[in-house]
Amino acid sequence: MHAPTALPMTPIGHIASDFPDKFGIPRQPGLAEAARARLVLAPPFDDPLAVRGLEAFSHLWLTFVFHLSPERWTPLVRPPRLGGNARVGVFASRSTHRPNRLGLSLVELVAIDTSAGVSLTLRGADLVDGTPVLDIKPYLPWAEARPEARAGFAPEAPAARPVHFTRDAEAALAARTDRDTLRPLITQVLAQDPRPAYRRGAEARVYGVRLRDLDVRFRALTGADGDTALEVVEIVAV
């Protein structure tokens with residue numbers, strides 16, 4: 001028996017999130033718990049019956065498509081955790097550049113709204129705005145949490161870098177009505193140091209990461225002890 005050459009799939013919904021662009025998105029779920037997201041189900045999957053009982057679970061697996069990644073793939077990739085230079089096999093990585101561009105993300109379920117269709121409020125999502133979602137499954141910690149598992153070249157969470165705000169950035173932040181949620185979002189995203197690994201060391205360069213309706217511009221500062229901190233230079237509406 002021959003396997004089918006194509007398996008058609010239909011997104012069950014799309015993500016609306018704090019990340020309008022893929023640059024700066026935490027490389028794993030849960031690293032920026034301040035990140036807000038909603039999964040809006042599309043017809044005919046937006047039937048409230050389809051999520052009956054889901055409120056009993058605190059976390060969900062989302063299967064999705066890296067729709068902003070190129071369809072072309074290569075057997076070797078360069079994981080950021082290895083400095084962006086060492087290569088490993090694509091199936092030994094969590095790279096977005098995959099044969100079928102499929103992703104898997106563990107998110108926290110905050111609320112379910114069935115007043116007009118179905119939407120799920122999520123916390124800690126690492127998903128760009130507009131991401132097509134293919135499936136939802138409840139997370140079972142007794143079956144899927146294996147603390148004794150080996151984690152290869154990523155044995156532990158990346159160290160969080162300190163994040164500081166300039167006076168101008170503080171003033172822009174203070175003027176925002178969403179400042180109480182925006183500050184932790186900026187801090188948690190930049191603490192992961194989203195700069196490309198192969199460009200680190202260019203201290204004078206100012207980068208911009210899109211969060212909500214803003215361009216958050218930042219740079220790296222290296223102290224006398226050699227440790228690097230990220231400084232928010234300005235926050236600009238786009």
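His14 has Pro132 as its bridge partner in β8. That pairing, β1 with β8 (residues 132-138), is antiparallel and spans two bridges. Strands count as paired if DSSP finds at least two bridges between them. β1 (residues 13-17) also runs antiparallel to β2 (residues 36-41), joined by five bridges. There, Ile15 stands opposite Leu39.

The model is predicted: local features need pLDDT of at least 70, side-chain atom pairs count only at pLDDT 80 or more, and totals for chains, interfaces and linings use all residues. Residues are numbered from 1 along each chain as its sequence is written, and side-chain values use heavy atoms, with hydrogens and water left out.

Helices (H or I, at least four residues) and strands (E, at least two) are DSSP runs, numbered from the N terminus.

**The open sheet**

Four strands form an open sheet in the order β9-β12-β11-β10, with mixed pairing. β9 and β10 are its edge strands, each pairing on one side only. β9 and β12 run parallel, joined by three bridges. Phe165 has Val232 as its partner in β12.

Angles run from 0 to 180 degrees between N-to-C directions, using axes fitted to C-alpha atoms, for helices over the stretch in contact. Contact means heavy atoms within 4.5 Å.

| Helix | Touches or lies across | Angle |
|---|---|---|
| α3 | β9, β10, β11 and β12 | about 135° with β9 |

**The cores**

A nonpolar core joins buried (under 20% relative accessible area, 1.4 Å probe, protein chains only) Ala, Val, Leu, Ile, Met, Phe, Trp, Tyr and Cys residues through side-chain atoms within 4.5 Å. The largest has 26 residues, and Leu185 is among those with the most contacts inside it.

Definitions and conventions
Buried < 20%, exposed > 50% of the residue type's maximum accessible area, 1.4 Å probe, protein only.
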